[in-house]
Amino acid sequence: ERRESELSTLKSLDPTSTDSEIKYVYIVSDSTGFTASHALTSVLGQFDSLKIDWTDNDGQDPGRGFPDNATEVRTQMFSNVKDVTRVHRIVVLAQKMKAMIMFTLVDANLHGDMKSKCQELRVPFQDLLGPLVSRLSDFLGTHPTGLPRGWAGTRRKPLSDKYFKRVEAVEFTIKQDDGAQCRNLQKADVILLGVSRSSKTPLSMYLAQQFGYKVANVPLVLNIPPPKEIFAVDPRRVFGLVIQPQFLKRIRSRRLAGTGVDVDSIGKASGSFDYSSIKYIQEELKEVRQLYAQHPEWSVIDVTGRAVEENAAIIAELMPGKPTPVEAALHALDCNFFIIEPTQGGGGGADFPIV
């Protein structure tokens with residue numbers, strides 16, 4: 001039933017249905033497909049002229065800011081592919097839709113069959129894991145299992161302390177969402193500040209799940225002072241989010257439109273209809289920037305156009321007590337190091353004192 005649904009959905013995507021050129025990229029995996037999906041997201045980010053249809057929480061509209069004839073990229077995920085029949089059906093469909101296939105298949109039979117079928121039908125493809133697995137196998141002097149993680153026959157690793165730390169962090173973060181229980185801000189590893197729809201909640205959850213940080217997010221509302229507890233915490237753990245006004249307007253307008261209400265009159269009687277107004281948004285962001293300027297010890301991150309993963313990585317690098325990459329590498333090598341600062345000597349030559 002799932003296979004028939006996939007085929008029906010994708011067959012309805014007629015490449016000639018619009019004036020713009022449409023390119024299809026299929027992601028095929030014998031597991032979740034997250035590896036290929038993240039890789040594709042990063043690579044497609046290098047092509048500014050493309051309209052990309054991926055669905056995420058950054059508020060990007062693939063149709064905004066592009067000419068009508070701009071190339072559009074549509075992606076489709078095929079996860080948990082575990083039999084040759086399904087591999088063949090996907091490749092046949094890719095041939096029909098003139099799609100490219102990116103795959104992460106570690107099972108040797110599925111991997112080989114995917115490559116041979118793509119070559120037979122002249123479907124362009126990219127094997128993401130095969131070359132890396134082969135190189136690592138040669139380097140490490142051992143053979144891979146050829147089984148996706150979690151399949152029967154793979155070694156089950158015991159749950160680590162880090163796993164339980166992440167679970168605890170997620171539970172804490174859920175309870176602290178949207179300014180709830182500000183009395184617990186002292187217990188948070190990370191505190192996110194920002195206006196509505198600036199990606200506070202998804203960023204909080206990602207930091208908790210991936211990094212094990214206990215995160216509290218606090219909304220900043222126009223003409224309402226932030227909770228006093230914020231000013232009593234370690235300022236190195238406070239991160240203020242900013243976003244470009246037009247970008248935020250698009251996010252809020254799409255959010256309201258998704259509720260099925262009249263976005264032109266919603267809340268007018270109660271005076272709240274300015275939620276997606278550019279003038280109201282500009283006032284909001286102006287007040288937020290003024291607050292951040294009064295607290296230069298806070299870190300400020302512009303989330304405009306960035307994925308949650310990118311913003312999370314920036315925050316992780318700025319966390320207090322985290323060694324720099326150079327310090328971490330030298331510590332792993334058990335080395336001491338010095339910083340050498342060049343200065344000009346009196347005789348015109350260069351001296352390099354050790355600082």
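Visitor: What makes Leu132, Leu136, Phe139 and Leu140 a nonpolar patch on the surface?
Guide: These four residues form such a patch, with about 460 Å² of accessible area together. The name applies because a patch joins residues with over 30% relative accessible area and no salt bridge, nonpolar side chains (Val, Leu, Ile, Met, Phe, Trp, Tyr) within 5 Å and like charges within 9 Å. A salt bridge would be a side-chain nitrogen of Lys or Arg within 4 Å of a carboxyl oxygen of Asp or Glu. Areas come from the Shrake-Rupley method with a 1.4 Å probe, and for residues only the protein chains shown count as cover.

The model is predicted, with local features needing pLDDT of at least 70 and side-chain atom pairs pLDDT 80 or more, while totals for chains, interfaces and linings use all residues. Residues are numbered from 1 along each chain as its sequence is written, and side-chain values use heavy atoms, leaving out hydrogens and water.

Visitor: Why is Leu140 called exposed?
Guide: Its relative accessibility is 54%. Exposed means over 50%, buried under 20%, and partly exposed in between (1.4 Å probe, protein chains only). Leu140 therefore counts as exposed. This residue is found in helix α5 (residues 130-140); helices are DSSP runs of H or I with at least four residues, strands are runs of E with at least two, and both are numbered from the N terminus.

Visitor: Is Lys117 buried or exposed, and why?
Guide: Lys117 has 16% relative accessibility, so this residue counts as buried. Lys117 lies in helix α4 (residues 108-120) and touches His88 and Val91, leaving aside residues up to four places away in sequence. Such a contact means heavy atoms within 4.5 Å.

Visitor: How many disulfides does the structure hold?
Guide: The structure holds zero, where a disulfide is a pair of cysteine sulfur atoms within 2.5 Å. As for individual cysteines, Cys118 is buried because its relative accessible area is 0%, and Cys182, at 15%, counts as buried too.

Visitor: What is the mean pLDDT of the protein chain?
Guide: The mean is 81, and 74% of the residues reach 70 or more; pLDDT is the predictor's confidence in each residue, from 0 to 100. Over residues 336-355 the value is below 50, although this stretch has 20 contacts in the model beyond near neighbours in sequence. Where pLDDT is low, the predicted coordinates should not be read in detail.
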